[in-house]
Amino acid sequence: MLPMWFRGPPYQREDVFHSFFDPSFSWNGFLLFDTHTTLTRMLCFGLAIGVLSIEIGCRRSSDSASDNAIKDSVASKNNAPSSDAVKVADSRSLDDRLVERVRPQVEEFCSTCHVMPKPSGAPQSEWPQVVDQMYMTYQESGRTDVIVPDRTETVKFFQLQAPKSKGLPFAEQEFWLSGTDWMQRPVDLQTSRPPGISHLQWISSGLGDSPALVACDVNTGAVFATWSGDSESTTKRLATLFQPVHVEPCDIDADGLLDLIVGDVGEFNAADSDLGQVVVLRQSQPNATGEVGTMEKIVLADGLGRVAEVQPGDFDSDGDLDFVVAVFGWRKTGGLFLLRRDGDIDISLGSKAFTMETIDERAGPVNVPTMDLNGDGHLDFVALISQEHEAIEAFFNDGTGQFRNVVLYSAPDPSYGSTGIELVDLDGDDDMDVLFSNGDSFDRGAKRHHMVQWLENPFEDQRQWEESPASKPDQASRAEFVHHPLAIMPGVLRAQAGDFDGDGDLDVVAGALLASPTIKRWRGSGSPSLLLLRQTKPGQFEGEILETDFQYHLTLEVADMDADGIDEFAIGNFFRDEESDAPHIQWWKER
């Protein structure tokens, strides 16, 4: 799946990397991989109407602040001994007083839409730009219901509490390089452009006479299938779309042949475009045993914002396939939608055979994996919603395609940069947990809080999770999972679980994506681009670095690809703004 739907407009990103993920990313990162820039919306659509330029605003406010500082200084000289120590104390007291005076205004303003952003979310130098973008966004929103704090005081409020720098890359890494021997096999898809692998999907049957790995490549618009042989892989281009970012197997017309449902983002860069599509590749009867039939392209929905993911299922219990669609969008577009199938209309008519219904209007959905969460026989889904929302929510289906959402986790900061989730029983206690990554580095670069984490299901009765009521009328109730940080990993876009050492429990592999200038600047730092977390006891993990200095990974896939009872993983390579002779895909297997 595509993590990291990149959030920021070009002039806000740390370079001219052409990015999609909130997060955020966002990437991240799904990559999936933008958007309302997370930080640029973290004060709830920005700040003041009639925004002044940075120079004028700062100059006037600074003059006023300077006058007050002079008066305080004169008063200090008249009433206290003159010494360097006293001057420092007075200066710190002024800063502290400003922070405490402004705090209620800023917190009240921000909390009307999301959690209060942490000043540590950006270094001091970035806050003027962040705040000015907030003013602009608020002005464009047309809202007048919020009291807007003074712009200069707001900047100072964050700067006085922010770090001077990001402190990245880390001077010392948390884990050591792996001492395990891994077999690697490259897969080159023979395209005319550098690899742009946005999604990998293992399909055990239905494409030819053996399992296949299906890949989406946004640089060429191609959907490929590759089959691994004893010494080399064979590939076939199944279809060429615009910018495919997610693929899932399905049987759209119940004819017994495997079809593919594809989410096409349409516009990879952060924008409120309407080029997103949901496309089915319907397979015709193969000419011979072991071959793949021709894939007919049928557009089921178009004119959408940037589509991040599509998941099939019979959500209204009528016997045919519907689809949940995650439209990441950007500022004015995005949301969760149900494509409800009308079984009386032939699928060849495309969008006429479906009705589009809105489930949730928030921009920033990244992933929507499905399962029956409460055992009632109805297919539910869990949504990762990035942007300023940064939440993981369960959507319970009543069996008719109507959903009720419950919050499982809310990130502590609106610039968290969520990039991907996987539903998996990570600790082996027979319930569904969530493996979660936040590492959108295309919203003002990598951050120290990027990590791989595990959300543990705490409920004994899976038929009825214990819910706490919402704190506000317009919010969902909560059934909170227990948060466990597993590893800090700047730029982590995707994490997936698998048993790579054959010991019977699940381990975790994670890949990272950073902008090319950052990768080159960090070279030699030992920052991990591939990380393995081995589960040594239920819920306890030890990390080892598989690869450094090659953070070009937007997606990965885990499966027992050689049918030997032990999982392997395939990692996709993603180059958007530079040439590369690296393979499209790399297989990794522990010897």
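Author: Two strands pair if DSSP finds at least two bridges between them. Strands are DSSP runs of E, at least two residues long, and they are numbered from the N terminus. One caution: this is a predicted model, where local features need pLDDT of at least 70, side-chain atom pairs count only at pLDDT 80 or more, and totals for chains, interfaces and linings use all residues. Residues are numbered from 1 along each chain as its sequence is written, and side-chain values use heavy atoms, with hydrogens and water left out.

Reader: How many residues of β21 are buried?

Author: Buried means under 20% relative accessible area, against over 50% for exposed and in between for partly exposed (1.4 Å probe, protein chains only). For β21 (residues 451-456), five of its six residues are buried, leaving the strand mostly covered.

Reader: Now the open sheet. In what order do its strands come?

Author: The order is β6-β7-β8-β9, four strands with antiparallel pairing. Its edges are β6 (244-250) and β9 (295-304), each of which pairs on one side only. On average, neighbouring strands are turned by 20° against each other, direction ignored; the axes behind such angles are lines fitted to C-alpha atoms (for helices, over the stretch in contact), and angles run from 0 to 180 degrees between N-to-C directions.

Reader: How do I follow the pairing across that sheet?

Author: Go strand by strand. β6 and β7 pair antiparallel over six bridges, with Asp259 of β7 as the bridge partner of Cys250. Next, five bridges join β7 to β8, again antiparallel, and Leu260 has Leu281 in β8 as its bridge partner. Finally, β8 (residues 276-283) is joined to β9 by seven bridges, also antiparallel; here Gly276 stands opposite Leu304.

Reader: Why is β7 largely enclosed by the rest of the structure?

Author: Six of the six residues of β7 (residues 259-264) are buried, so the strand is largely enclosed.

Reader: Which way do its residues point?

Author: In a regular strand the side chains alternate between the two faces of the sheet. In β7, Asp259, Ile261 and Gly263 point one way, while Leu260, Val262 and Asp264 point the other way, and all are buried.
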